[in-house]
Structure formats: C-alpha cells, structure tokens
Amino acid sequence: MAALTHGDAQDLVERIKRAWEQRDVDALLDCFADDAELRPDPFLPSMVGETDIRAWCNAVAASTIHTEADAERIWLAGDTVLVAFHGAWTVRASADRTRIRGMLALELDDDRRVRRARAWAPSRVVGTDSTLHPTGDGAVSNP
C-alpha cells in the first residue's frame, strides 16, 4: 500500500466533517473500521466496535442541531492523522449553543479507515441559539 499522503488525510477529515455536520451516522461510520475504538473524552472509557460507536453517534445526532466543524490544521505521523479543529452545535432540548476546540488523533488501518480515534477537546456553552425556543418538555420549536 502506498504511503498516506496529506491529500488522503484531508479527504478523510472532510468526509468526517461532512458526516458530523449533517448528523449522518451511516456516513460517519463508513469512515471507521468495524472494530474501531472511539474515545471522544479522555476521562471516559473508550467505545469499541460499531454498535457502541453507532449508539453514541445516534445520541449526539438526535440531541443536536446546527452542527459545524472545521479542521484548522492537519498533520501526518505514519498512519496517524492529527487534526487541530473547532466546531459548534446547539443542544435541541435547551437551545444552548456550545463551542468546542481541540485535537483529534485518528489512527488508520490498511484500508485507510479509522481504527482508533481520540479527542482532547474542551467545550463550553457560549449562549442561546435564537433560532430555537425550548418548549419546557425537552422539545424545541422554530420561531
């Protein structure tokens, strides 16, 4: 197999970004190996395998709206892609707007799918999304 190029890494990161922003769980899981490990919080246990990762992704997709993400810089180290990124989302139930900034390490398998992903990324509520109105029962309505 040819060495991983910066263009290959950019393509993978773009696929992950697009799937995350569209909250497309199937497209996101296509980027991961079947037995992948995902650790979005360094202080919590990893999720291992498609079932665990899908459950987490489904929960995130169902609870957020107006999701965005951008890679600021991408580095390669062998079969590992390092990404400095930032993003934001709105929590559906509260209309809280949350921002995130951090690092993502993506270790790839021979098929260039993520076999291990780890994030170090603090997030913070920065305000309320004025396009949503919480209804008090966990739902939101658009004005």
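Colleague: Is His66 buried, exposed or partly exposed?

Modeller: His66 is partly exposed, at a relative accessible area of 35%. The classes are buried for under 20% relative accessible area, exposed for over 50% and partly exposed in between, with a 1.4 Å probe and protein chains only. Please note that this is a predicted model, in which local features need pLDDT of at least 70, side-chain atom pairs count only at pLDDT 80 or more, and totals for chains, interfaces and linings use all residues. Residues are numbered from 1 along each chain as its sequence is written, and side-chain values use heavy atoms, leaving out hydrogens and water.

Colleague: Where does His66 lie?

Modeller: His66 belongs to strand S3, residues 64-77. Helices (H or I, at least four residues) and strands (E, at least two) are DSSP runs, numbered from the N terminus.

Colleague: What about the phi of His66?

Modeller: The phi of His66 is positive, about 50°, although the residue is not a glycine. Most residues other than glycine have a negative phi.

Colleague: And what is the phi of Arg23?

Modeller: Arg23, also not a glycine, has a positive phi of about 55°. Arg23 sits in the loop between helix H1 (6-22) and helix H2 (25-29). With a relative accessible area of 29%, Arg23 is partly exposed.

Colleague: Which residues is Thr67 in contact with, leaving aside its neighbours within four places in sequence?

Modeller: Contact means heavy atoms within 4.5 Å. With those neighbours left aside, Thr67 touches Trp20, Glu21, Arg23, Ala88 and Trp89. Thr67 is part of strand S3, and its 12% relative accessibility makes it buried.

Colleague: Now Ser63: where does it lie?

Modeller: Ser63 is in helix H3, residues 49-63. Its relative accessibility is 34%, so Ser63 counts as partly exposed.

Colleague: How many Å apart are Ser63 and Thr90, C-alpha to C-alpha?

Modeller: The C-alpha atoms of Ser63 and Thr90 are 8.5 Å apart in space, while the two residues are 27 apart in sequence.

Colleague: Changing topic, how many disulfides are there?

Modeller: The count is 0 disulfides, a disulfide being a pair of cysteine sulfur atoms within 2.5 Å. For Cys31, the nearest cysteine sulfur is that of Cys57, 10 Å away. Cys31 is buried at a relative accessible area of 1%, and Cys57 is buried at 4%.

Colleague: How many helices and strands are in the protein chain?

Modeller: The protein chain has 3 helices and 9 strands. From the N terminus on, their order is α-α-β-β-α-β-β-β-β-β-β-β.

Colleague: What is the radius of gyration of the protein chain?

Modeller: The radius of gyration is 16 Å, close to the 15 Å that the globule rule gives for 143 residues, so the protein chain is as compact as a globular protein of that length. The radius is taken over C-alpha atoms, and the rule is 2.2 Å times the number of residues to the power 0.38. Along the principal axes, the C-alpha atoms fill a box of roughly 55 × 30 × 25 Å.

Colleague: What percentage of the 143 residues do buried residues make up?

Modeller: Buried residues make up 34% of the 143 residues. As for contacts between residues at least 6 apart in sequence, 51% join residues at least 24 apart.
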